Amino acid sequence: MSTPAPSASARRPAYRLVRRPATALPALRADELQRYVSEHVDGPLLVVGGPGTGKTTMLVEAVAARIAEGVDPERILILTFGRRGAMALRDRIEARIAGDRGRIMHEPLVRTFHAYSYALLRRAAAERGEPSPRLLTGPEQDLIIRELLAVVADPEAPDAIGWPEGLRPALPTRAFAQQLRDLMQRAAERGIGPVELARLGERLGRDDWPAAARFLREYVAVLALRDVTTRGSTAYDPAELVRAASGLLADDPELLAAERHRLAYVYVDELADTDPAQIDLLAQVAGGGKPLVAFGDPDASIYGFRGADPGAVSAFPAKFRTASGALAEAITLHTNYRAGASLLTATSRVARHMRGP
Ligand SMILES: Nc1ncnc2c1ncn2[C@@H]1O[C@H](COP(=O)(O)OP(=O)(O)O)[C@@H](O)[C@H]1O
Ligand SMILES: [Mg+2]
């Protein structure tokens, strides 16, 4: 669109017009795309691009633009995956805005979904005058799981859970406790409770899942007892954290309204690595046509094995609609700034031999 028409000057070299792949937007050059994303301030926007296409750079530029416009950094929420990712992003934003205005009073909030959820739970507890919630550590969880499993491992004791006979020798092992914790965590991320877990197991012909579902019910009950008897504060299983924050907002419309009001702009990096629980929380605080820009890789979810849902990117436009109910706008980035040409050729050669998208 910005290429001058060849007829403007007959003596200039001829320009070749190249049709770009169809997107929801007219084709834009990299710098125009950058500006377009930076200037986006109303409603949801999805930016899709492979690694090195400048997504995180665009996010940083957009946040810097909001701050330059005078938006209170504390009203900007930036969510990303993993503690290391959040730290790296915080550094990039800090470096970028320090260049703009020297030292600033407040930093924008860069959080993982877990840290954001925990902060919500803590704030709610403080407002109610309750003690601050705490997190169960992995070893604490394993200890509870192994204590519960040990009851069953006693050959004299009746097995209330009804583990399949073939699994009984594995019950006292550390590896089994860890696998069980992993299964319960995956279930929690998907908002799957004991009833649905049992039903899924039956449907998929897995006789260990209905047993795991009965175990899950017992585990949750034991956790609830511990909360009351140990420190007087609620101890959350980290896998439950995001669902707990969602539940809190759903039960407390005033808290939800205050949070939605507080958040003027929400940015999400690494959208492909979010799980359904995180998407639900995002919809609560930033759905309904709020200014929300999400950046995602089209088909590379490195955390898929941990419960991330690769469909999060493709489902975004329908899940996060504009205030009038239209699909969120989506743009696709095609220029890779990080990898050299030879690396790109090699990766696409490898990718051709792989199944899936
Ligand atoms: N428009 C651009 N022009 C030149 N280099 C860019 C541009 N956008 C990003 N880069 C560089 O490309 C690299 C990858 O960018 P990044 O934003 O981390 O990509 P992504 O988040 O999509 O993986 C970085 O070194 C960045 O500085
Ligand atoms: Mg990135």
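The dialogue below explains how to read several features of a predicted model.

Me: What conventions apply to this predicted model?

Reply: Local features need pLDDT of at least 70, side-chain atom pairs count only at pLDDT 80 or more, and totals for chains, interfaces and linings use all residues. Residues are numbered from 1 along each chain as its sequence is written, chains are lettered from A and ligands numbered from 1 in the order in which they are written, and side-chain values use heavy atoms, with hydrogens and water left out.

Me: Which residues surround ligand 1?

Reply: A residue is near a molecule if one of its heavy atoms lies within 4 Å of it. Here the shell includes Gln34, Gly50, Lys55, Thr56, Thr57, Arg92, Tyr337 and Arg338. Helix H2 (residues 55-68) supplies the largest share, 3 residues; helices are DSSP runs of H or I with at least four residues, strands are runs of E with at least two, and both are numbered from the N terminus.

Me: How many residues of the shell around ligand 1 are nonpolar, polar and charged?

Reply: Ala, Val, Leu, Ile, Met, Phe, Trp, Tyr, Cys and Pro count as nonpolar, Asp, Glu, Lys and Arg as charged, and the others, Gly among them, as polar. The shell has 2 nonpolar, 7 polar and 3 charged residues.

Me: Where do polar side-chain atoms of Lys55 and Thr57 lie relative to ligand 1?

Reply: A polar contact is a pair of N or O atoms within 3.5 Å. For Lys55, a polar side-chain atom is 2.8 Å from an oxygen atom of ligand 1, and for Thr57 the corresponding value is 2.5 Å. The protein buries 66% of the 570 Å² that ligand 1 exposes when taken alone, areas that come from the Shrake-Rupley method with a 1.4 Å probe.

Me: Is strand E1 mostly covered or exposed?

Reply: Buried means under 20% relative accessible area, exposed over 50%, and partly exposed in between (1.4 Å probe, protein chains only). In strand E1 (residues 44-48), 5 of 5 residues are buried. Pro44, Leu46 and Val48 point one way, while Leu45 and Val47 point the other way.

Me: Which strands are joined to E1 by bridges?

Reply: Two strands pair if DSSP finds at least two bridges between them. E1 runs parallel to strand E7 (residues 292-296), with 5 bridges, and parallel to strand E8 (residues 329-332), with 4 bridges. Val48 stands opposite Gly296 in E7 and opposite Thr332 in E8.

Technical notes. Polar contact = N/O pair within 3.5 Å; in protein donor to acceptor, adjacent residues only side chain to side chain.
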